[in-house]
Amino acid sequence: YKLGPDSLKQPGVPEGMVTQMPAWKSDIFPGTVRDWWVYVPAQYDGKKPACVMIFQDGVWYRDPKGSFRVPTVFDNLIHKQEMPITIGVFLNPGEVPASGPGKKSRKNRSFEYDRLSDQYAIFLEKEILPAVGKKYNLRQDAAGRGICGISSGGICAFTAAWERPDLFSKVLSHVGSFTNIRGGDVYPSLIRKTDRKPIRVFLQDGSGDLDNLHGSWPLANQSMAAALKLMKYDYRFEFGDGGHNGKHGGAILPESLKWLWRE
């Protein structure tokens, strides 16, 4: 899997700006602190509300030399009008700082990402989106909002839209952990037994993904795709031969975003 031209800087394409925000101390997840960044495209002028897309494990997605290189992809696609003017929000999972000398900080990633709960969606609704909205003119409708993640961040993205389709209508999951880490293996059954929700879902996985005590990632993602197909969701499933990493997802990220944001 190799990056295509839309994942590389191109001459003549205006570059957006990525700004690291002050560390966020959450009330919804008490005691946690997280790093986060906001990308604003060059075309944003504040006159018209912009779409917004949130990325879990944000440091991986904003990395200019990583597998995804989201700011560069956004620059290219927005310039070609293949996706709308969209502000990107890159969030790291929370961490509880060490309580004293010799103590270690505690990562809150699995608690936030793997649970089948609306808590993370509430965190975005009550804390992050309003904070970004104070500086930038954002669309308030679900059709103008997307959410993305890899691994546990992938199931987190799906859960946020599943619990709150009034907040997010577009989901992008890379090697999503729809396994029994914290009960996520029930999603295929839930999808089959629940009235279709107004969300669009793009899943990516590979035959070389994880298979361990929590379950089989390839089988879990195939079960998700089968359930979404049965319930006639607007979905797409790209199944390759990659492992538990961002290589395949990064290579097809431009196509994924164009599909998600199509009219």
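Visitor: Does Ser-173 count as buried or exposed, and at what relative accessibility?

Guide: Happy to start there: because buried means under 20% relative accessible area, exposed over 50% and partly exposed in between (1.4 Å probe, protein chains only), Ser-173 counts as buried, at 0%. This is a predicted model, in which local features need pLDDT of at least 70, side-chain atom pairs count only at pLDDT 80 or more, and totals for chains, interfaces and linings use all residues. Residues are numbered from 1 along each chain as its sequence is written, while side-chain values use heavy atoms, without hydrogens or water.

Visitor: Which residues of β8 lie on the side with Ser-173?

Guide: Ser-173 is found in strand β8, residues 170-174 (strands, E, at least two residues, and helices, H or I, at least four, are DSSP runs numbered from the N terminus). In a regular strand, side chains alternate between the two faces of the sheet. In β8 both faces are covered, with Lys-170, Leu-172 and His-174 buried on one side. Buried on the other are Ser-173 itself and Val-171.

Visitor: Which residue in β9 does Ser-173 stand opposite?

Guide: β8 pairs with strand β9 (residues 200-206) in the parallel sense over five bridges, where pairing takes at least two DSSP bridges. Leaving aside neighbours within four places in sequence, the contacts of Ser-173 include Phe-202 and Gln-204 (contact means heavy atoms within 4.5 Å). The residue opposite Ser-173 in β9 is Leu-203.

Visitor: And which residue stands opposite Val-171?

Guide: Here we turn to strand β7 (residues 145-150), which pairs with β8 in the parallel sense over five bridges. Standing opposite Val-171 is Ile-147.
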